[in-house]
Amino acid sequence: MERYYQEEIECAPRETISAWQDERLRETVKRVYEKVPYYRDLMDKKGIKPDDIRGVEDLGKLPFLTKDDLREAYPYGMLARPLKDCVRIQSTSGTTGKRVVAFYTQHDLDVWEDCCARAIVAAGGTDEDVVHVCYGYGLFTGGPGLNGGSHKVGSLTLPMSSGNTERQVQFLCDLEATILCCTPSYAAYIGETVNEKGLRDKIKLKAGIFGAEAWSEEMRRDIEKSLGIKAHDIYGLTELCGPGVSFECSEQTGMHINEDHFIAEIINPETGEVLPEGEKGELVFTSITKDAFPLIRYRTRDICRLTRKKCSCGRTHVKMSKPMGRSDDMLIVKGVNVFPSQIETVLVSKGYPANYQIIVDRVKNTDTLDVRVEMTNEMFSDNLGSVSEREKELVDALKAMLGITASVKLVAPKSIARSEGKAVRIIDKRKLI
Amino acid sequence: MPLKQLSVFIENRPGSIAEVARLLRDNSIDMRALSLADARDYGILRIIVNDVYKSSTVFKNSGFIFKITPVVGVPLKDSAGGLADALDILGAAEINIEYLYAFTGKQESKAYVIFRFPDKDIERASRILAENGYSPITEEEL
């Protein structure tokens, strides 16, 4: 039997959801126009007034927001409430130049945690479950989001955070967690460790909620098999709250978007034109219940499809497919957002040529990031130590910039593959779709 | 006068040393001595050749990354203890050695050692070696 956290909302008739969206959109646009000069300017430039927006059918008239806008307005430019009303800050994993800082009032935290609670209940969670959260805690939204959601469900919550896999496995055995929340690659790693140690019979997991990075159906099956669980996908982005913007139900055929809080559109990333249901394009979100940090028509750069086909779980909210790619060059490595431009910035600042190649792969279900740099005469020295030292300096600087470790490989000049004279900067060998 | 050693950057992948060797063969350059130093993900091929000028032109034109490094070559007696005697002299003078490698020469029963000293010590090391009967060889003598 399917269970829901907020059945009256999750299974509401289409007309009811539409009515909520119309009303909340009108209110949000009016409030943002009044309180957020940055967005008011964008609307004024398009000649749009809040009164022009009567409901979702007018959404297309509103200007888009991009990550560049959030950077431009960093840190307080998108705030719709005074800082004293805010109680929390979270931030994206990217660092210098690409950081996005999001603010939450108590109401915003409640909404976010409700969304995560829906995901946990959809995965079978109840107040009798033990939820083991090994997403990172801190500025990253993964840990705090699922942690809050688990509290709302009334589950016993283990705020493990990431790392120290030995201890994770020990706790899984000793405290008999039933639901595991982390990135899919970490789940796969935990699965391997459990099986290597012959502890498969000692764990009591029944379900997992895995997100923050792309994963294939094949990987889902691997994880389900190795841990003996049902693995559910969850989607979100810090700009909108964090995980819980959408989540998978028992059908496991896409993620229900919490439409009482977010309006989803699919657009052609080139033209900005809104595409009909079922077509592949860039996902755009408008938050309609957020107090502190409401975003209108925020372009996620994630490419996916939406479907309103009736779902066997009974939920009526629109479903999105797993993201099938990006409309920009952002990579997600170990759950962390990586822009090639960040790597380029580090190389240039350390005196390396901007001639590099990024190779992302997944070895034993764990992402690897290799940065190849062409050696130059200036960098080369007969002294092994001094070259290695520079290499280490570069690894450290990349770690400081990206938050994850990249391995650096110095290669011969002109050895980086070029296609039609243009260097191929990114090679992603992971098979994610 | 120190010898001029070519230090060539070698990428860590199959066939990369062969590329250097082939280039030398195609240009009829004779190698007198060779040593390979390896770091985790790349290597440095250190070679003494019969024609430094020609070699550097060839390497440069072929897009290789290399440096010319001054090294000191001395002949040793090719018998037990030959190297130890020379090292004792350097040790007594507190001269540090960054690396060294040995090869045998064209003359029978002669061995040679190539020393790489820190730049500031090259002159002093050469002088001390010469004073003790280990006159550094010149390019012409190779």
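## Helix H5 of chain A

Helices (H or I, at least four residues) and strands (E, at least two) are DSSP runs, numbered from the N terminus.

H5(A) is largely enclosed by the rest of the structure, because 14 of its 17 residues are buried. A residue counts as buried if 20 or more other C-beta atoms lie within 10 Å of its own, as exposed if 12 or fewer do, and as partly exposed in between, with C-beta atoms placed from the backbone. After H5(A) comes A:Gly124, which has a positive phi near 105°.

## About the model

This is a predicted model, in which local features need pLDDT of at least 70 and side-chain atom pairs count only at pLDDT 80 or more, while totals for chains, interfaces and linings use all residues. Residues are numbered from 1 along each chain as its sequence is written, and chains are lettered from A and ligands numbered from 1 in the order in which they are written.

## A parallel pair in chain A

Strand E3 (residues 130-133) of chain A pairs with strand E4 (residues 156-159) of chain A in the parallel sense, over four bridges. Pairing requires that DSSP finds at least two bridges between the strands. Within this pair, A:Val131 has A:Thr157 of E4(A) as its bridge partner.

Between E3(A) and E4(A) the chain passes through helix H6 (residues 142-153) of chain A, giving a right-handed β-α-β crossover. Right-handed means that, with the strands pointing away from the viewer, the path from the first strand over the helix to the second runs clockwise.

## The two domains of chain A

Chain A is divided into domain 1 (7-328) and domain 2 (332-428), with bounds from an automatic or database domain assignment. Over C-alpha atoms, the centres of these two domains of chain A are separated by 31 Å. Their contact takes 16 residues from domain 1 of chain A and 14 residues from domain 2 of chain A; two residues are in contact if their C-beta atoms, placed from the backbone, lie within 7 Å.

On the side of domain 1 of chain A that touches domain 2 of chain A, helix H8 (residues 184-196) of chain A has the largest share, four residues.

## A buried valine

A:Val371 sits in strand E19 (residues 366-374) of chain A. A:Val371 is buried, with 22 other C-beta atoms within 10 Å. Leaving aside neighbours within four places in sequence, A:Val371 is in contact with A:Ile343, A:Tyr356, A:Ile358, A:Leu398, A:Ala406 and A:Val408. A:Ile358 is 13 residues away from A:Val371 along the chain, yet their C-alpha atoms are separated by 4.8 Å.

The domain assignment of chain B gives domain 1 (3-69) and domain 2 (72-131). The centres of these domains of chain B, taken over C-alpha atoms, lie 23 Å apart. Seven residues from domain 1 of chain B and six residues from domain 2 of chain B make up their contact.

Between the chains, 12 residues of chain B are in contact with 16 residues of chain A. Strand E1 (3-11), strand E3 (42-49) and strand E4 (66-77) of chain B each supply at least two residues of the chain B side, and E1(B) gives the most, with three residues.
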